[in-house]
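This report is written for a reader meeting the structure for the first time.

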Amino acid sequence: AAETHSNKCVNCDNEITFEEIVAIIKGLDHKEETTDTYLLKGVVTDFDSFHNPYITVEGTSDTVLCYYLHEGTHNGVTYYPEDLDIGYTITVVGPLKKFNSDLEIDNGNLIGAISPQRTVTLEAVTNGTVNVVGGGSFPTTAHDGDKISFTVTANEGYKVASVTVNGTAITADADGTYTATVNGNTTIKVEIVEDSVVVIPE
């Protein structure tokens with residue numbers, strides 16, 4: 001079988017491009033379906049009334065309907081069709097079908113999904129510093145599901161009051177590391193306040 005995540009047929013010996021796969025669909029008769037299973041990749045541009053995604057196939061201007069798309073697992077990650085939105089780049093595997101004028105990959109599985117690039121904003125921090133675990137600058141873009149781990153160090157006489165991700169508070173783990181999970185455009189806010197604890201000298 002040809003290897004997946006390439007421009008190939010999944011369970012046949014042919015190595016073909018996405019464009020050639022689309023050409024196979026165009027050559028089918030109404031309601032005709034292939035016995036071989038194919039892999040297609042593209043960007044979600046719309047959904048039908050049943051939330052089946054239409055994709056513009058990579059390297060082409062052709063639109064294919066991923067009809068009756070099921071969840072799928074690849075490299076230990078499970079992908080769910082109900083999580084998709086317009087702009088996602090997805091990889092699907094299934095037989096090809098033509099229904100009226102619709103080009104379809106029919107009754108297939110979703111084996112890859114990457115969200116559009118999201119904006120990550122770290123609001124200005126005063127009276128302390130924020131450092132990304134592993135070093136480097138704080139990321140300004142990421143994809144849904146990406147995790148950003150960081151530490152917060154308050155200046156002397158100050159303390160960390162709160163850390164929020166899109167308005168939801170998160171807490172540090174035992175090592176003092178905060179982890180923000182990207183979900184859409186993401187804003188991280190760190191509030192550092194004056195420490196009100198008064199130390200009375202002996």
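In this predicted model, strand β9, spanning residues 118-122, is joined to β11 by two bridges, and the two strands run antiparallel. Within that pairing, Arg 118 has Ala 142 of β11 as its bridge partner. Both strands belong to an open sheet of five strands, ordered β11-β9-β16-β13-β14, in which the pairing is mixed. At its edges stand β11 (141-142) and β14 (168-169), each of which pairs on one side only.

Strand β13 of this sheet covers residues 158-165 and contains Ser 162. Is Ser 162 buried, partly exposed or exposed? Its relative accessibility is 25%, so Ser 162 counts as partly exposed, since that class lies between the buried limit of under 20% and the exposed limit of over 50%. Leaving aside neighbours within four places in sequence, Ser 162 is in contact with Lys 189, Val 190 and Glu 191. Asp 85, by contrast, is 77 residues from Ser 162 in sequence and 31 Å from it in space, taken C-alpha to C-alpha.

A further open sheet consists of three strands in the order β10-β12-β15, with antiparallel pairing. Its edges are formed by β10 (128-132) and β15 (177-181); each has a single partner strand, so one side of each lacks a neighbour in the sheet. On average, and with direction ignored, neighbouring strands here are turned by 35 degrees against each other. Strand β12 (residues 147-154) pairs with β15 over five bridges, and Ile 148 stands opposite Ala 180 in β15.

| Strand pair | Bridges | Sense | Residue pair |
|---|---|---|---|
| β9 and β11 | two | antiparallel | Arg 118 and Ala 142 |
| β12 and β15 | five | antiparallel | Ile 148 and Ala 180 |
| β3 and β7 | three | parallel | Tyr 67 and Asp 106 |
| β6 and β7 | four | antiparallel | Lys 98 and Leu 103 |

The strands β6 and β7 form a hairpin with two residues between them, and Asn 100 in the turn has a positive phi of about 55 degrees. Strand β7 is mostly covered, with four of its five residues buried.

In soluble globular proteins, nonpolar side chains tend to be buried together. The largest nonpolar core of this model comprises 26 residues, and Leu 40, Val 64, Ile 90 and Val 92 have the most contacts inside it. Two or more residues each come from α1 (18-26), β1 (33-47), β2 (53-57), β3 (63-67), β6 (89-99), β7 (102-106) and β8 (109-114). The greatest contribution is that of β1, with five residues. As for Ile 90, its contacts beyond four places in sequence include Leu 40, Val 44, Ile 55, Cys 66, Leu 84 and Leu 110. Another core, of 16 residues, lies apart from the largest one; among its members are Val 130, Ala 142, Ile 148 and Ile 192.

The remaining topic is the largest pocket, whose volume is about 220 Å³. Its lining consists of 14 residues, and those nearest its centre are Tyr 79, Asp 83, Tyr 88, Ala 113 and Asp 144. Strands β5 (77-79) and β8 each supply at least two residues of this lining.

Terms used. Residues numbered from 1 in each chain as written. Predicted model: local features only at pLDDT ≥ 70, side-chain atom pairs only at ≥ 80, totals over all residues. Heavy atoms only, no water. Pairing = 2+ DSSP bridges. Axes fitted to C-alpha atoms, helices over the stretch in contact; angles between N-to-C directions. Core = buried A, V, L, I, M, F, W, Y, C linked by side-chain atoms within 4.5 Å. Buried < 20%, exposed > 50% of the residue type's maximum accessible area, 1.4 Å probe, protein only. Contact = heavy atoms within 4.5 Å. 1 Å grid on protein atoms, 1.4 Å probe; cavity = no way out; pocket = protein on both sides within 12 Å on 5 of 7 lines; lining within 4 Å. Points joined across faces, edges and corners; volume = space filled by probe spheres on them.
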